[in-house]
Amino acid sequence: MTTLTSLARGLAVESGHAELIRTVRHVHVSDRPLVFIPLQLAGEANAPLAALVGDDRDKPRLLTVYEPRNRTERFEFAATLATEVILPYIEGYAAGEPGDKEAYPDAPQILVPNLAGVKFTRLLGRSTRFRRTQGEWAVPASVPLVGRWLTFYAERTEHPASSVLLPLTSALAAHWATGQSAAEDQNLAALLAWIAPPRGKSALEAARDAENPLDWPPAGPATDPSFDDEVLAGLIAGIREATTAGRETVIARYRAALDTALLTQLEPTWRLMWRGVDLLRSLPGGARVARRWESDRWSFTYQVAWLRDGGAPQAKRDSAVRAAQRLDRLEREQQQVAVQQAYDDPLVMAEYRMTGEAFEGKVVYADPGRRLGEGRSATIRPVIVVETDDPVVIEAGREVVDPSRDKQKGLVLDRPAARAALAAPSAFATPAAFALPATPDPGGVPGGPAGDAARTWVTLELSGGGIGRKPPAPPGRMPAVGDVVCYTTLIDEFHRPPEFPDRENTPWTHGGPPQDYVDNDDDASEAWQ
Amino acid sequence: MTEHPTEARLAKLRGGQPPQGYTARMIAALASNPGCARRSILDAAGVDKRRLAAYTGYPVPFGRSPFDITRGNSFEAQVKAEGAAQLLTLLRDKLSLDISEAGYTNLDEVGGSDGFPLRHERTRRLLTATPRQRGTMFDHPLLRFPVGGRYAYLEPDLVAFRHDDTFHVVEIKSFPVIDGQADPARVSAAAIQSAVYVLALRDLVGQVAEVRHEIILITPENFASRPVATSIDVRKQLGVLRRQLARLDRVEDLAAALPLSLTFDVDLDDKGVPHRSPGDLIGALTTVDASYAPECLATCEMCYFCRDEADGATGALGKSVREDLGGIEYVGRALQFARGEVPVPAEMAEAAAILRRAAVLRGEVLQAAV
């Protein structure tokens with residue numbers, strides 16, 4: 001959290017509704033996302049109990065495990081989830097072969113309520129991807145396949161740039177600040193109560209109501225313990241007894257009752273999920289969101305190809321080379337996302353203006369005709385002087401960029417904090433023109449522009465971005481006097497990844513080349529032991 | 001027997017009900033928020049906080065699912081079956097021991113009506129006696145632990161494994177370890193609780209034997225019920241506990257500062273119906289200062305009560321928010337500084353300037369005054 005986002009939390013306390021902390025949406029939201037709300041049985045390791053799932057808000061699909069402690073039923077659940085929901089949904093995006101150097105035009109997106117939903121997805125992937133489809137511990141073929149897909153989704157969530165699997169609470173909390181703590185924001189109902197309070201109630205009242213599990217059952221995967229005690233335990237015991245006694249009609253009656261009971265726990269969250277989707281869609285998308293979604297489309301395309309080639313299940317642990325590669329990639333992505341969000345969103349850029357890594361101001365001088373060098377080797381290097389009230393900590397010699405002209409770089413030549421100290425450097429071709437207009441000093445009116453005492457003048461030498469070779473730079477290709485500009489040291493550029501050895505050339509210090517995965521009895525039978 | 005004045009004071013605070021014992025979880029929660037006098041006093045007096053919270057209109061949904069309880073019990077029973085055979089195998093492998101068998105003493109059944117001090121004495125006698133076998137497991141020892149200048153008794157669900165002159169704390173938990181990884185929140189909760197046991201066990205047997213700072217966690221492996229042992233170094237948790245517990249005010253001093261008439265008794269009649277008005281009880285609770293933070297939501301039964309009371313405090317939004325807002329205590333005040341509405345005291349100048357700047361920037365970007 002930063003001063004700006006924390007200030008917004010304070011404002012939310014005062015105003016009684018959530019406050020925006022972003023001016024644009026920084027995540028991709030699909031036109032047809034798959035909403036997945038899983039429930040699990042308490043106490044067990046990833047024992048699915050039920051799921052409400054679907055890509056049509058009017059047609060949720062309920063899947064139930066009537067005996068969640070039975071391993072076979074667990075895998076039947078996974079098989080149904082796979083063949084009737086997830087795999088057809090994914091296939092819809094993987095029709096045909098993309099062109100040679102093309103990704104699929106879109107990718108399937110899954111939305112879960114919260115971080116615990118992501119964790120459930122990862123564990124369901126882990127518990128299914130190693131299953132065998134023949135022999136003693138056989139499961140339907142769709143089970144290990146959906147396991148690979150769920151693992152793919154869960155792994156992508158580690159990528160800061162990825163939107164293929166989003167926990168809705170995190171996505172919403174990244175854009176709105178509530179008047180409660182971050183821990184309380186993990187409750188989807190309470191978070192939405194702050195963002196869009198129901199009519200006639202304050203956000204605070206609505207958020208408190210949202211904590212009552214009778215009105216707003218938990219968004220899963222954990223169920224409300226009192227529901228377990230008062231409803232679930234009796235129904236599951238009933239089904240078991242009827243099954244032992246072989247009484248089909250009783251089984252059917254209990255099963256229907258369990259479905260009804262589970263729907264009461266899931267439907268409120270289903271409505272909240274789509275409301276959250278609407279809220280995210282109500283924000284205009286950031287300009288660089290599509291670029292990040294493209295990386296998701298590519299990884300989806302690779303995953304489809306990998307599976308069509310009979311891809312092995314993802315390893316339980318990364319090999320040395322893959323781990324190093326992945327870490328490097330995540331770090332670079334993190335930096336890239338930070339830069340892109342600042343470029344797309346002045347409220348994010350404001351964070352950097354707070355810390356002095358960016359400044360906004362007015363161009364008070366521009367020389368589009370400045371050259372460096374002589375004769376044929378002369379190059380055009382216009383200069384501008386930006387007058388800013390922001391505290392600038394950027395040293396001379398640093399490169400800066402204005403997001404609205406992100407192909408053009410500015411080299412900081414000088415940044416005196418006093419107007420008198422701003423002298424025309426000898427390198428200026430037209431020193432005579434270097435006379436700044438006087439700015440009226442408003443003299444410290446609170447909230448108004450600062451006086452000269454708090455001002456900085458930054459001299460920038462521009463290059464690139466279409467300023468051409470012959471002076472003067474064409475109009476519009478560089479800032480003109482009077483323009484408001486914003487420059488930052490954050491630069492969005494591709495960094496070539498460092499070289500990593502091939503898998504086969506993993507050095508002995510790192511365990512040598514990793515073994516290929518071989519299907520084995522231990523993995524195939526682990527769920528039953 | 002003459003009662004210690006503090007004991008009498010605490011008994012009066014509790015009222016007519018039997019005291020609630022301490023648990024390692026309570027001590028861990030107290031250590032995570034040592035500045036909370038309300039929790040210190042309520043715990044020391046053994047007040048039933050859950051009932052108090054519910055009766056004052058702030059019930060907490062801290063229930064545990066019957067499925068979780070069943071699973072926990074059956075896993076524990078499985079590991080301890082047949083003289084803790086599975087447990088011994090795991091310990092032997094984990095500690096590389098060359099013993100073929102070990103003794104197993106369950107202290108759970110010790111003298112029903114005896115008070116805690118007597119039962120604790122018996123635990124001490126058994127644990128410090130020269131063992132007949134090289135390895136002995138003591139199940140459910142009754143430990144004691146100094147909290148706020150008094151001893152708290154603990155009936156932990158743990159096995160103390162004595163091997164030669166070394167004790168190991170063994171905790172059995174039913175959450176899974178999958179591919180060597182478990183839920184970090186549950187592991188850290190188990191580690192801090194185990195650290196409480198290590199300290200309590202050292203208090204008990206420190207004269208005769210060493211208590212290892214590596215505790216052994218027994219959990220189901222992957223998706224099945226096969227147990228696996230993991231050793232966890234709790235030196236960091238031991239340090240945190242010692243430091244935080246040293247910061248706890250002495251219960252004696254806290255109790256002495258309270259009005260003599262104060263009590264948290266809900267005044268139950270013989271049919272179990274409370275007669276005290278909730279408003280009166282709320283008045284009593286507010287006599288003792290609390291120190292609310294969002295972390296309380298996971299650990300303290302009084303959390304909803306204290307949260308409402310802390311409405312408008314920056315700390316209720318989280319420690320980092322409070323720090324971002326310059327450590328200013330109230331949201332209203334921070335916003336006044338941010339808007340430049342009030343004169344700023346010299347010592348707040350820096351914090352206020354940052355807030356002011358944030359407000360100006362936010363207003364500028366959103367084109368609406370903050």
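Me: Which residues of helix 6 of chain B are buried?
Reply: In this predicted model, they are B:R119, B:H120, B:T123 and B:L127.

Me: Why are the buried residues of helix 6 of chain B said to line one face of the helix?
Reply: Look down the axis of helix 6 of chain B. The buried residues fall within an arc of 100°, so they line one face.

Me: Which exposed residues does helix 6 of chain B carry on the face turned away from its buried side?
Reply: That face carries B:L118 and B:R125. Exposed means over 50% relative accessible area.

Me: How do you know what span is expected for helix 6 of chain B, at 1.5 Å a residue?
Reply: Helix 6 covers residues 116-128, which is 13 residues. The expected span is 1.5 Å times one less than the number of residues. That gives 18 Å, and helix 6 of chain B reaches 18 Å from its first C-alpha to its last.

Me: Strand 6 also holds B:T166. Why is B:T166 called buried?
Reply: Its relative accessible area is 19%. Buried means under 20%. The value for B:T166 is under that cut-off, so B:T166 counts as buried.

Me: What is B:T166 in contact with, leaving aside its neighbours within four places in sequence?
Reply: B:F161, B:E210 and B:R212. A contact here means heavy atoms within 4.5 Å.

Me: What makes up chain B as a whole?
Reply: Chain B has 15 helices and 9 strands. Of its 370 residues, 49% count as buried. Its C-alpha atoms fill a box of roughly 75 × 55 × 40 Å along the principal axes.

Me: Which contacts in chain B do residues 24 or more positions apart account for?
Reply: They account for 63% of the contacts with a separation of 6 or more.

Me: How many positive and negative side chains has chain B, and where do the centres of the two sets lie?
Reply: There are 44 positive and 48 negative side chains. The two centres lie 2 Å apart.

Me: Now chain A. How many helices and strands has chain A?
Reply: Chain A has 14 helices and 15 strands. Its C-alpha atoms fill a box of roughly 100 × 65 × 40 Å along the principal axes. Of its 529 residues, 50% count as buried.

Me: What are the contact and surface values for chain A?
Reply: Residues 24 or more positions apart account for 72% of the contacts with a separation of 6 or more. Chain A exposes about 23700 Å², with 53% supplied by carbon and sulfur atoms. Chain A also has 58 positive and 71 negative side chains, with the centres of the two sets 4 Å apart.

Me: Why is helix 1 of chain A called mostly covered?
Reply: Count its residues: 10 of the 13 are buried. Among them are A:T3, A:L7 and A:A12. Helix 1 (residues 3-15) reaches 18 Å, close to the 18 Å expected. A:G16 follows helix 1 of chain A, and its phi is positive, near 80°.

Me: Why is A:G276 called buried?
Reply: Its relative accessible area is 0%. The cut-off is under 20%, so A:G276 is buried. A:G276 lies in helix 10 (residues 248-281) of chain A.

Me: What does A:G276 touch, not counting residues up to four places away in sequence?
Reply: A:L168, A:L172 and A:L192. As for A:A8, it is 268 residues from A:G276 along the chain, and their C-alpha atoms are separated by 20 Å.

Me: What makes A:V289 count as buried?
Reply: A:V289 has 7% relative accessibility. Buried requires under 20%, so A:V289 counts as buried. A:V289 lies in helix 11 (residues 289-308) of chain A.

Key
Residues numbered from 1 in each chain as written. Chains lettered and ligands numbered in written order. Predicted model: local features only at pLDDT ≥ 70, side-chain atom pairs only at ≥ 80, totals over all residues. Heavy atoms only, no water. Helix = DSSP H or I, 4+ residues; strand = E, 2+ residues; numbered from the N terminus. Buried < 20%, exposed > 50% of the residue type's maximum accessible area, 1.4 Å probe, protein only. Arc of directions from axis to C-beta. Areas by Shrake-Rupley, 256 points an atom, 1.4 Å probe, with all protein chains shown as cover. Lys, Arg positive; Asp, Glu negative; His and termini not counted. Charge placed at Lys NZ, Arg CZ, Asp CG, Glu CD.
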